[in-house]
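Subject: The structure I promised you

Hi there,

Here is the structure we talked about, ready for you to open. Have a look around first, then read my notes below.

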Amino acid sequence: MSKPPSETSDDIEELTLFNLPFAQEVKRCGTPPNTELPDEYKDKVRNTPIARTENGAKGGFQSKDAKSRNTRYAREMKKWCVGPMPVEDFLDEFLPTAPEHKGPMPDWANAFDDVPVNPPKEPEIYPKLAINDNKRCPTLTFVDTSNRAESPGLGSLKPDICAYDKYGMEILKKEVEEKPKRKGKESRFPAHFGFAELFIEVKKTEKADLFEDPKSNGEPSKHNFIVVPTGRDNRAKALEDLGQIVSYATEACARQHRTSYFSVSIAGSLARLIRWDRAGAIVTGSFDYKKNPKLLCEFLWRYGCANAAHRGYDTSVTMASEEEETFFRETISAHVAFQLDVAGGKLKKAVGQHYQKGRVAKVDVFGKDEHGVPVNEQYLISRPVVSPLSMAGRSTRGYWAAKVGSEHKIAFLKDTWRIDVERMEREGAILQRLHLNGVKNVPGLYCHGDVPVDVVKAREEMSCELELPQCTRTNEFVDAPWACNYGRKMKVTKHTHYRLVLKTVGYSLKDFKGTREMFETTHDAYEALIDAYIKCHMLHRDVSVNNVILVRDPVTGRRRGILIDWELSTLADDNGQARDYHRSGTWAFMSTEALHINPRFRHKIQDDMESMLYVVLYCCVRWLPHNKVENLGHKMYKFFDQYDSEDGNIIVGGGDKDGQKLARRFTQLFNFEDIATRFWINLAFDYLAPMGSDYLKYKDKWTPKSFNELWVAILRYTLPESDRTEHVVSDKHEGSSSKHNATQPSSTRFSEEYEEPVKEQVRSSKRSLSDAFEDAVEENAGGSKRHRLTPVAEYDPGTRGGGSSEPFSISEWVSELHASIKHDSEKNHSSKSTNS
């Protein structure tokens, strides 16, 4: 969202920019200030900021992760890649013919005759495409970006050719001029996905084509469209190359506000066109662009003549004025200062999590307010707190926002592509129902609604109810006669662009200051969880460390825990189970029942309770003082993120969580400094999965009421308030608490202890992997059966200070807690005396 430079330069001829004959075109790209730009340029928002991670880095596209990321992206693409679509159909569906005032398309005959066949090096192909020389794509300049990324870390991706409009070229030209030349090296334009209109990836031979069309007499429904070469090395290289183009499209859509994105894939003399959206990608059949150049020329001409919306830009996002940017910065600063009680340099640094100078945008929100009244409001946004790191899916961005025209009204704007199926309710409607029924500790609602296609018309009518919303289109072609289905029914889900504006704006649970605040705020979130179940029969289904936020109460000054992200929640039936057979959530915190294979798994309140326990455990292990376990990051990675997969399809997970249930193998590693914390965790797991002689004592304790009483008990003690500790964990685990699709976690293997017994049983029989896995776990535990969850009991959240249950009263549990603390203290004292 960079603003254009105030000055332009005509000394482009002094720079050797690239081997391509683009300099003449670049010379005419000096761009005047924003107010003088033509409408088709000045309204587009480019180079939107990326969210910062825990360690302060920006984005999730670091070069050190490229290989594993590309492999994962390639496996994901197999699930949502639709093709081969006939090229003529592709053009007619997605790009309108050029308007008459643009004139005729340049002559396409012999357009690419000079492109070499199978040259020694791929870069020899780039200049011979000569797209700029012949004005084949009006308003765009195509640049060789194969040798220079935007910067180390974020933006480390380098497609072969990127196309930029005049605005983008002026920004990049200035960057080239300011970057000092290395001796003997040419200055080159970078691959900057904040400005790249589209990209072209080139392979020098046809054998490197990433896709394979079915034979003319073949059956597309049984054909494998994505190439799977023989040989381990060849297969790995093919996956990496495929994942590479997915990563390009993913970063482009994360760095721009897009509804879709286009690219071109060239392999030798074959070319394919690709359209990306949040449901997946549509790929055309291959065509020989040397023998039949009209198809590629037609695509370039139509794209160059198309307006911003047809190119895939979200036109509901526009640049903010300087006055609006100042208003936004002041609003955000005031709220940060209140929430964190900071000033000076600390305040400036904290504001930087939500604001980047010169990159403030204005977003339209159409829909209804908390009372159901139609609204059209505008909000200012800048740096998100979360950015999408996958191409297909909900692709959520979350922003601290300021309402235009208000007196510094702060809000949280959630921009997402909701799953658009009949049974999925909009999150705003869910929040309205929760508030109507008095559910505590859930976020307040300002407004919500789908984003319309025709934004101008929606603004005029002050409503989008009668307007078509921005929707994905890949899903429309899954059943097309030409679509290859890999011998199975493809499931490409429709997504609709949706915005939700909340009154509640705070910080992640990961920012808690000490033991007391962690237990208080997670208990607040737990109350919301159980309150929603009792009063509305709602199951959250996505409890995670990222879905609990801390908000300071202006009256008490205490930060309260709020349970957010209710979009995956569902109604429970009379038996307390979800009404659909579907597992969802954040992999690291999902219950063991949800992680195991069971096609008829139905979520229960106990699954949400177990997820909440894992949230507390994660916070304790990651940020509370303990004995500093060796290789902490690796152990956390195995416990929270492990899974076993085959060709990208999740089979089973939660091996170490089963080990924790059976023998407390994870928690026994940790000696928490706070004794009450240590006891609480042990007792919570006794409730969840009682063992040995304690089985009869605790077998009926995994109920909402008993778990609440355990929380109440520890909060009666004097807990440390400022004992947060930053333990060193590996980079590999930094993102473990980030949100993943429930069918694609971030890690690689489940517990090695159970891996071989499981595989052996599957090899030697027809039994399911889940049955074999469970038997291996039980055999390892000496044949004891894993505890099954009991039906939900009646529960009244009550207050933090009281409540009782039969046959065990709260006083008994407080006494037991106190006795355990006293016993541990005496044991520690005795040990110290002996050592002396």
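At what angle do helix H9 and helix H10 pack? The angle between H9 (residues 322-340) and H10 (residues 344-351) is about 115 degrees, and their axes lie 10 Å apart. Before going on, keep in mind that this is a predicted model, where local features need pLDDT of at least 70 and side-chain atom pairs count only at pLDDT 80 or more, while totals for chains, interfaces and linings use all residues. Residues are numbered from 1 along each chain as its sequence is written, and side-chain values use heavy atoms, with hydrogens and water left out.

A few words on terms. Helices (H or I, at least four residues) and strands (E, at least two) are DSSP runs, numbered from the N terminus. Axes are lines fitted to C-alpha atoms, for helices over the stretch in contact, and angles run from 0 to 180 degrees between N-to-C directions.

On the H9 side, the contact (heavy atoms within 4.5 Å) is made by Ile332, Ser333, Val336, Ala337 and Leu340. H10 brings in Leu347, Ala350 and Val351.

Now the sheet. It is an open one of 3 strands in the order E16-E18-E19, with antiparallel pairing; two strands pair if DSSP finds at least two bridges between them. E16 and E19 stand at the edges with a single partner strand each, so one side of each has no neighbour in the sheet. H9 turns up again here: it packs on the sheet, touching E16, E18 and E19, and its direction makes about 90 degrees with that of E18. Helix H13 (residues 515-536) also packs on the sheet, where it touches E18 and E19, at about 35 degrees to the direction of E19.

How are the strands joined? Between E16 (residues 507-508) and E18 there are 2 bridges. Tyrosine 507 stands opposite leucine 550, and serine 508 has isoleucine 549 as its bridge partner. That isoleucine 549 is also partnered with isoleucine 562 in E19. E18 (residues 548-552) and E19 are joined by 5 bridges, with valine 551 opposite arginine 560. These two strands form a hairpin with 6 residues between them, and glycine 557 in the turn has a positive phi of about 80 degrees.

Aspartate 277 lies in strand E6 (residues 270-277) and is buried, at a relative accessible area of 1%. Its side chain makes a polar contact with the side chain of arginine 275 (2.9 Å); that term means a pair of N or O atoms within 3.5 Å, where within protein one must be able to donate a hydrogen and the other to accept it, and residues adjacent in sequence count only if both atoms are side-chain atoms.

The other one is arginine 148, in the loop between strand E2 (141-144) and strand E3 (161-164). Arginine 148 counts as buried because its relative accessibility is 14%.

Cheers

How values were computed:
Buried means under 20% relative accessible area, exposed over 50%, partly exposed in between (1.4 Å probe, protein chains only).
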